[in-house]
Amino acid sequence: MQVDEESMKPVLNRLRRAQGQLAAVITMIESGRDCKDVVTQLAAVSRALDRAGFKIVAGGMRQCLAEGSDAPPMTEEELEKLFLTLA
């Protein structure tokens, strides 16, 4: 399943934001920042990555449903595994 480039723009933006947040976490740790601040920022990185993953899955599902596909449809077990990978 391929997702169109237009659908990937918001995903790439989220991933770039997460990349910046992760760099900030590394800097915070290196500079000895308070554990609470580090964990809060790390949670933000995690949420950004989760949202990017869900956007990829949702975009792929939307594309398959709207356009149909030559590839065989995913089984319920495959879909469940895909969603649980993000959980």
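Modeller: Start with Arg-33. This is a predicted model. Arg-33 has 45% relative accessibility and counts as partly exposed.

Biologist: Why is Arg-33 called partly exposed?

Modeller: Exposed needs over 50%, and buried needs under 20%. Arg-33 is at 45%, so it counts as partly exposed.

Biologist: What makes Arg-33 and Asp-37 a salt bridge?

Modeller: Their side chains meet at 3.5 Å, N to O. The cut-off is within 4 Å. The pair therefore qualifies. The structure holds one salt bridge.

Biologist: And Asp-37, why is that residue partly exposed?

Modeller: Asp-37 has a relative accessible area of 32%. That value lies between the 20% and 50% limits, so partly exposed is the label.

Biologist: Let me step back. How many helices and strands are in the chain?

Modeller: The chain has three helices and zero strands. Along the sequence the pattern reads α-α-α.

Biologist: How do you know that the span of H1 is close to the expected one?

Modeller: H1 covers residues 5–30, which is 26 residues. From first C-alpha to last, H1 reaches 37 Å. At 1.5 Å a residue, 38 Å is expected. The two values are close.

Biologist: What follows H1?

Modeller: Gly-32 does, and its phi is positive, near 75°.

Biologist: Which residues of H1 are buried?

Modeller: Ser-7, Val-11, Ala-18, Gln-21, Val-25 and Met-28. An α-helix has 3.6 residues a turn, so residues three or four places apart point the same way.

Biologist: Why is Gln-21 called buried?

Modeller: Gln-21 has a relative accessible area of 18%. Buried means under 20%, so Gln-21 passes.

Biologist: What is Gln-21 in contact with, leaving aside neighbours within four places in sequence?

Modeller: Gln-41, Ala-44, Val-45 and Ala-48.

Biologist: Now Val-38, in helix H2. What makes Val-38 buried?

Modeller: Val-38 is at 10% relative accessibility. The limit is under 20%, so Val-38 is buried. Not counting residues up to four places away, Val-38 touches Val-25, Met-28, Ile-29 and Arg-33. Val-25 and Met-28 are among the buried residues of H1.

Biologist: How far is the C-alpha of Val-38 from that of Ala-24?

Modeller: They are separated by 8.9 Å, at 14 residues apart along the chain.

Biologist: Which residues form a nonpolar patch on the surface?

Modeller: Leu-12, Leu-15 and Leu-49, with about 230 Å² of accessible area together.

Biologist: Last, the chain as a whole. What share of its residues is buried?

Modeller: Buried residues make up 18% of the 87 residues. The chain exposes about 6,700 Å². Carbon and sulfur atoms supply 57% of that area.

Biologist: And what share of contacts joins residues at least 24 apart?

Modeller: 71%, among contacts between residues at least 6 apart in sequence.

Key: Residues numbered from 1 in each chain as written. Predicted model: local features only at pLDDT ≥ 70, side-chain atom pairs only at ≥ 80, totals over all residues. Heavy atoms only, no water. Helix = DSSP H or I, 4+ residues; strand = E, 2+ residues; numbered from the N terminus. Expected span 1.5 Å × (residues − 1). Buried < 20%, exposed > 50% of the residue type's maximum accessible area, 1.4 Å probe, protein only. Contact = heavy atoms within 4.5 Å. Areas by Shrake-Rupley, 256 points an atom, 1.4 Å probe, with all protein chains shown as cover. Patch = residues over 30% accessible without salt bridge, like charges linked within 9 Å, V, L, I, M, F, W, Y side chains within 5 Å.
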